[in-house]
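Subject: Structure handover

Hello,

The structure is below, followed by my notes on what turned up in it. Please read them side by side.

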Amino acid sequence: AEELLRNSDKLSIVGQLAASVAHEIRNPLTALKGFIQLFQSKGIVDCDKYYGIMLDELNRIEQIITELLILAKPQSKTVDNKDINELIEYVVALLDRQALIHNVHIVCDLEENLSLVQCVENELKQVFINLVKNAIEAMPDGGIIHIDCLQKGTDIEVTIQDQGCGIPPESLEKLGAPFYSTKEKGTGLGLMTSFKIIQEHQGKIDIESLPGKGTTVRITLPAS
Ligand code: ADP
Ligand code: MG
């Protein structure tokens with residue numbers, strides 16, 4: 001009976017996700033269809049000014065699909081023992097330019113000689129990318145992101161701290177819900193994906209935030 005219950009739980013979660021995916025993709029599709037019908041019926045020649053909007057809508061659909069594929073990814077997963085510092089350095093190198101464009105400086109404090117973590121490297125990189133991107137996006141006027149990594153007993157602890165807009169207490173519980181986003185161009189899939197990946201690594205994520213002051217995301221992973 002318990003197994004049955006669990007299966008029906010899963011089914012309703014899948015159903016809910018499917019419904020929200022359908023909804024999120026239908027909106028931009030409806031907009032695109034509208035533009036094409038407009039072009040067709042009115043014989044509009046100066047379509048140029050609509051192309052930008054149409055591309056935005058297409059990009060949105062593309063991004064939603066890309067993030068969902070990461071989540072659904074049935075590809076073979078290679079599990080390796082990795083130094084988390086290397087993953088963090090990779091992600092910082094990847095995002096540093098984008099950060100600087102927004103006047104955001106990333107400062108790392110990485111303890112040396114950490115125990116390795118058994119992980120799917122690309123998945124953990126994806127988590128750090130999602131979290132650092134959120135930190136950058138939370139600071140439209142610039143600021144500092146502190147990334148610390150240290151060993152705590154048999155755990156590796158990574159904290160990503162920003163000085164951004166923060167998250168109001170009533171929104172904290174919505175984090176990780178599919179498509180929950182407060183951003184005009186957000187997909188609301190980054191945290192959901194990150195939570196799932198960390199959970200699959202037997203780790204946990206804690207988010208603390210003070211509106212107007214900033215947000216600290218703490219990831220704990222068991223060392224191998
Ligand atoms: P997206 O970034 O596409 O909006 P996410 O799942 O990455 O989706 O984040 C969901 C929401 O959580 C964001 O829209 C934002 O409201 C909030 N959030 C996440 N990280 C931060 C952060 N570091 N500072 C402030 N708000 C955040
Ligand atoms: Mg995000």
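This is a predicted model: local features need pLDDT of at least 70, side-chain atom pairs count only at pLDDT 80 or more; totals for chains, interfaces and linings use all residues.

Val 132 belongs to the largest nonpolar core, which has 28 residues. Together with Ile 88, Phe 128 and Ile 160, Val 132 is among those with the most contacts inside this core. Two or more residues each come from helix H3 (84-101), strand S2 (104-110), strand S3 (117-119), H4, strand S4 (143-152), strand S5 (155-161) and S7. The top contributor is H4, with seven residues.

Helix H4 (121-137) also turns up at the ligand, where H4 and helix H6 (190-200) each supply at least two residues of the shell around ligand 1. H4 accounts for the largest share of that shell, namely three residues. There are 21 residues around ligand 1, and those that come nearest are Asn 134, Ala 138, Ser 181, Gly 186 and Gly 190. Sorted by class, the shell has eleven polar, eight nonpolar and two charged residues.

The last item is a strand pair. Strand S6 (residues 204-210) runs antiparallel to strand S7 (residues 214-222), and seven bridges join the two. One of the bridge partners is Thr 220 in S7, which pairs with Lys 204. S6 and S7 make a hairpin with three residues between them. In the turn, Gly 212 has a positive phi of about 85 degrees.

Regards

Definitions and conventions. Residues are numbered from 1 along each chain as its sequence is written. Chains are lettered from A and ligands numbered from 1 in the order in which they are written. A residue is near a molecule or strand if its C-beta atom, placed from the backbone, lies within 6 Å of it. Helices (H or I, at least four residues) and strands (E, at least two) are DSSP runs, numbered from the N terminus. Ala, Val, Leu, Ile, Met, Phe, Trp, Tyr, Cys and Pro count as nonpolar, Asp, Glu, Lys and Arg as charged, and the others, Gly among them, as polar. Two strands pair if DSSP finds at least two bridges between them. A nonpolar core is a set of buried Ala, Val, Leu, Ile, Met, Phe, Trp, Tyr and Cys residues joined through C-beta atoms within 7 Å. A residue is buried if 20 or more other C-beta atoms lie within 10 Å of its own, exposed if 12 or fewer, and partly exposed in between; C-beta atoms are placed from the backbone.
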